[in-house]
Amino acid sequence: MNSPDNHLDDLRDQIDELDSALVKLLAQRAAVTRQVGEYKASKGMPIYVPSREAALIKARRQQAQSLGVPPALVEDLLRRIMRESYQTQHQQYHCLAPDVGTVVVIGGGGALGRIFVDMFERSGYQVSILEQDDWPLADQIFKDAGLVIVAVPIKVTEAVIAKLNQLPADCVLADITSTKARPLQAMLDAHKGPVVGLHPMFGPDVQSLIKQVVVVCHGRQQDSYQWLIEQLRSWGAVLHASTAEQHDDAMAFIQVMRHFSSFVYGAHLAGENPDLQQLVAFSSPIYRLELAMVGRLFAQDPELYADIIFNNVESIALLKRFRDRFDQALELLEAGDKGTFVKQFFRIGQWFGPYAKECLVSSKQLLLKADDDRVIKNE
């Protein structure tokens, strides 16, 4: 008769065999997804198709339910597997405009510019990079340009655009600046041909454009740059059209207010000088995640974030109103006015509406995944 320890060893051996089988299945799946990527590239099809992903997850959740496996577990596994499979397909893309001419990326040696250089090269376009020292050769570089992308720091964007008044008439002029109204107007003034403003809502550390948001602000002759829009989609980007003014208003909340608040939070922590490791150790996953998001800011280029914050001077009034509301909340605390605080809490919750409940549910899943990351684990 087997001892309890032997029985446990047998069970563990079975688990090891099943885990090994899972790894082999993942390898087989990866081989198939590579073939899928090659086919999509040959046909110019987008890597990321939301409807296909949603249908796949729905089917597997239903299957899991029928087999007594938690559907949420299966969905979590599938999403992680699919994220990896998208990367196996991120090798080569179809060139949707083979006759467009040279793609010139001004600032293509920079962190974000390099991403677009890489994506166009993967798609088979002829790509040229123009940096500061290359301007004496600009006329030659622009001679056969079908697309010029301005990917320079915000503070010099408009000055660079002002130099682009001799581009070929049918050349598409685009920028990837985080503000849109002034750069878009500068492009319209400098170039009489097709113009479009783009804002990639991601940093230079992304592996690909799959599921990455790009805001599109149409300028002039949209039909002439529709190929560029479709090329972005084929890379897996999620596109949202907006006017330049609507974009900049939104960025005041999405970028300036969040980055500035994180800066002040970080400054306060540094000034108070608590034991950072103790804060991490004592915090629950949600607070460790919040602290990680603040810490993440200070691991990046300070010039970039200073440009984002300082370039949007219209946000100063918004930030002052934020400060005033902070002071008002502090006054309630000082006065011990818990009743008014609770009333305001409910009123704010009503403004968020159903989205607040959605956040509660989705954040639980996020925290379960995030707690696997040693950056925020209590270790």
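**Helix packing in a predicted model**

User: What is the make-up of residues 101-363, and how far apart are the ends?

Analyst: Residues 101-363 are 57% helix and 14% strand, with the end C-alpha atoms 46 Å apart. Helices (H or I, at least four residues) and strands (E, at least two) are DSSP runs, numbered from the N terminus. This is a predicted model, in which local features need pLDDT of at least 70, side-chain atom pairs count only at pLDDT 80 or more, and totals for chains, interfaces and linings use all residues. Residues are numbered from 1 along each chain as its sequence is written, and side-chain values use heavy atoms, with hydrogens and water left out.

User: Which feature does UniProt place there?

Analyst: The unreviewed UniProt entry places "domain: Prephenate/arogenate dehydrogenase" at residues 101-363. Such annotations may be inferred rather than shown by experiment.

User: What is the average pLDDT of the chain?

Analyst: The average is 90, and 94% of the residues score at least 70; pLDDT is the predictor's confidence in each residue, from 0 to 100. Over residues 375-379, however, the pLDDT is below 50. Where pLDDT is low, the predicted coordinates should not be read in detail.

User: Next, helices. How do H9 and H13 cross?

Analyst: The axes of H9 (residues 244-272) and H13 (residues 315-335) come within 11 Å and cross at roughly 55°. Axes are lines fitted to C-alpha atoms, for helices over the stretch in contact, and angles run from 0 to 180 degrees between N-to-C directions. H9 and H13 are therefore oblique to each other (under 35 degrees is roughly parallel, over 145 roughly antiparallel, 65 to 115 roughly perpendicular, the rest oblique).

User: Which residues make that contact?

Analyst: On H9 they include Phe253, Met257 and Phe260, and on H13 they include Leu318 and Phe322. Contact means heavy atoms within 4.5 Å.

User: And how do H9 and H11 cross?

Analyst: The axes of H9 and H11 (residues 285-297) come within 9 Å and cross at roughly 95°, so the two helices are roughly perpendicular. Among the contact residues are His259 and Tyr265 of H9 and Leu291 of H11.

User: Where does UniProt list a coiled-coil region?

Analyst: The unreviewed entry lists residues 8-35. That span is 100% helix, and the end C-alpha atoms lie 41 Å apart.
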